[in-house]
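Let us walk through this model step by step. Keep the sequence and the 3D view side by side.

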Amino acid sequence: MNASQRGRFITFEGIDGAGKSSQIEYVVGLLRARGLHVVATREPGGTPLGEKLRELLLHEPMHLETEALLMFAARREHLAQLIEPALARGDWVVCDRFSDATWAYQGGGRGLDRDKFAQLEQWVHGHLQPDLTLLFDLPHSVAQGRIAAQARGLDRFEQERADFHERVRDAYLERAVAAPQRMHVVDANQTPADIRKELEQTIANICS
Ligand SMILES: Nc1ncnc2c1ncn2[C@@H]1O[C@H](COP(=O)(O)OP(=O)(O)O)[C@@H](O)[C@H]1O
Ligand SMILES: Cc1cn([C@H]2C[C@H](O)[C@@H](COP(=O)(O)OP(=O)(O)O)O2)c(=O)[nH]c1=O
């Protein structure tokens, strides 16, 4: 299969409460309306083993390096069992979070050594980066208000204080500056309808 028939890999990123999950369904619908076969998935998770690791990651206290290693372990399984086979058969993959989240949360949020992150990223997927990453950016205070309105239990990351989430946001933006060809920053502090307008244009560009 030549490169032009290979599927495209799109990821969604942003702090908790940015509005990613609400828009992923819409983007998957846009792609399917163009006749594309789309696999929608998420991280941590995406495979039976990955989903077991997700439960541990979202609820069990652990060393920050353990957290980073488990995120990449789940990712290794995700790539081998789901993502790479889908791309190889020409399907598009839309994933809710990928390694940019490890950079932002374990790197920016927890202080994981950047060289250790880079070694893991190179080992696990040095050969594969997303074709497009949509980074939903907004102030933590706005995102926090949205999560509070959901009146549900919070996972380990959502329970972190404001300064953690500000570091996560800053690390995401630093990553976007380093990879402008791949990462598109979406102003997530807009109405869902206005965000959808911006997404339609971005998806039209990658499909052209
Ligand atoms: N653009 C928006 N404006 C206001 N509220 C939003 C917007 N997008 C999502 N929400 C609400 O914010 C909460 C978090 O949205 P969600 O899509 O789950 O965020 P994420 O997946 O990024 O954590 C949900 O209650 C959702 O209804
Ligand atoms: C993929 C990934 C996620 N995370 C965090 C970000 C989120 O807080 C959490 C995943 O939960 P999330 O994606 O927000 O799912 P939900 O919308 O159901 O809450 O895991 C990391 O810390 N590192 C990673 O590499």
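In this predicted model, a polar side-chain atom of Thr102 lies 2.6 Å from an oxygen atom of ligand 2. That is a polar contact, meaning a pair of N or O atoms within 3.5 Å; within protein, one must be able to donate a hydrogen and the other to accept it, and residues adjacent in sequence count only if both atoms are side-chain atoms. Arg54 also reaches ligand 2: a side-chain N or O atom of Arg54 is 2.9 Å from an oxygen atom of the ligand. For Arg75, the distance from a polar side-chain atom to a ligand 2 oxygen is 3.2 Å. In total, 15 residues surround ligand 2 (each with a heavy atom within 4 Å of it). The closest are Asp16, Arg54, Arg97, Thr102 and Gln106.

Residues are numbered from 1 along each chain as its sequence is written, while chains are lettered from A and ligands numbered from 1 in the order in which they are written. Local features need pLDDT of at least 70, side-chain atom pairs count only at pLDDT 80 or more, and totals for chains, interfaces and linings use all residues; side-chain values use heavy atoms, with hydrogens and water left out.

Now turn to ligand 1. It has 14 residues around it, and Gly17, Lys20, Ser21, Ser22 and Gln190 come nearest. Lys20 uses its backbone: an N or O atom there lies 2.8 Å from an oxygen atom of ligand 1. Ser22 uses its side chain, with a polar atom 2.6 Å from a ligand 1 oxygen. A polar side-chain atom of Gln150 lies 3.3 Å from an oxygen of ligand 1.

Next comes the largest pocket. Its volume is about 780 Å³. Of its 34 lining residues, Asp16, Gly17, Lys20, Ser21 and Arg97 are the closest to its centre. A pocket here is an open set of points on a 1 Å grid over the protein atoms alone, where a 1.4 Å probe fits, with protein on both sides within 12 Å along at least five of seven lines; lining residues have an atom within 4 Å of a point. Grid points are joined across faces, edges and corners, and the volume is the space filled by probe spheres set on the points.

Finally, find Thr133. Its side chain joins that of Thr11 through a polar contact of 2.7 Å.
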